[in-house]
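This report describes a single protein chain, with attention to strand pairing and to charged side chains. The sequence and the coordinates are shown first.

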Amino acid sequence: MAKLSAQQLQQFLDKEFPQSNLVIEAAGEMGSRIRLPMKDAAPYLRPGGTISGPTMMTMADTAMYMAIMAELGPVAMAVTTNLNINFISKPSPVDMIAEAELFKIGKRLALGEVRVYSEGKAEMVAHATCTYAIPESAAPSA
């Protein structure tokens, strides 16, 4: 059972990262789903009218962070130790969706993947694998 709901994660994100425009749509069961609304897409676009790589990387990193916190609780000091991303196809300038799935949460590391989509499209625009370091005080008990 999740320790933090999507609503609680949204409150955390809004407080700790007020510059973020991300919306937590779902969290728990070893995963999360976040959305980046494109009401004003200009800050996220690169030449050619596509969503920038750093924007998709931010989404992947945040989706994984939210999935971990949903499982462990408010672990502000969980940090990314590795993020590997593959850009698969040109994303449309519409809302972006990132779906994270945790494979394992160990005593020191959490591992998972994130799939990034343009809203309304079935094919992924990016795929990331992520590893997070878990602070000793937050590690799940064996």
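## Sheet, helix and salt-bridge network

Strands β2 and β6 pair in the antiparallel sense, over six bridges. The model is a predicted one. Within this pairing, Ile34 has Ala98 of β6 as its bridge partner.

The pair belongs to an open sheet of six strands, ordered β1-β2-β6-β7-β8-β5, with antiparallel pairing. At its edges stand β1 and β5 (79-87), each of which pairs on one side only. From one strand to the next, the twist averages 15°. Helix α2 (residues 53-72) lies across β1, β2, β5, β6, β7 (109-118) and β8 (124-133), and runs at about 45° to β6.

The structure contains eight salt bridges.

| Side chains | Distance, N to O |
|---|---|
| Glu25 and Arg33 | 2.6 Å |
| Arg35 and Glu25 | 2.4 Å |
| Glu119 and Arg35 | 2.8 Å |

The salt bridge between Arg35 and Glu25 links distant parts of the chain, since Arg35 is in strand β2 and Glu25 in strand β1, 10 residues apart. The salt bridge of Glu119 with Arg35 ties together parts that are 84 residues apart in sequence, because Glu119 lies in the loop between β7 and β8 while Arg35 lies in strand β2. Through shared partners, salt bridges join Glu25, Arg33, Arg35, Asp95, Glu99 and Glu119 into one network.

Is Arg35 buried or exposed? Its relative accessibility is 14%, so Arg35 counts as buried, the cut-off being under 20%. Glu25 is partly exposed, at a relative accessible area of 32%. Arg33 also counts as partly exposed, with 28% relative accessibility, as does Glu119 with 40%.

Glu29 is not a glycine, yet its phi is positive, at about 50°. Met30, likewise a residue other than glycine, has a positive phi near 65°. Glu29 is exposed, with a relative accessible area of 80%, whereas Met30 is partly exposed, with 29%.

A nonpolar patch on the surface is formed by Phe103, Leu109 and Leu111, which together have about 270 Å² of accessible area. Of these residues, Phe103 lies in strand β6 (residues 96-105).

Notes
Residues numbered from 1 in each chain as written. Predicted model: local features only at pLDDT ≥ 70, side-chain atom pairs only at ≥ 80, totals over all residues. Heavy atoms only, no water. Buried < 20%, exposed > 50% of the residue type's maximum accessible area, 1.4 Å probe, protein only. Patch = residues over 30% accessible without salt bridge, like charges linked within 9 Å, V, L, I, M, F, W, Y side chains within 5 Å. Areas by Shrake-Rupley, 256 points an atom, 1.4 Å probe, with all protein chains shown as cover. Salt bridge = Lys/Arg side-chain N within 4 Å of Asp/Glu carboxyl O. Helix = DSSP H or I, 4+ residues; strand = E, 2+ residues; numbered from the N terminus. Pairing = 2+ DSSP bridges. Axes fitted to C-alpha atoms, helices over the stretch in contact; angles between N-to-C directions. Contact = heavy atoms within 4.5 Å.
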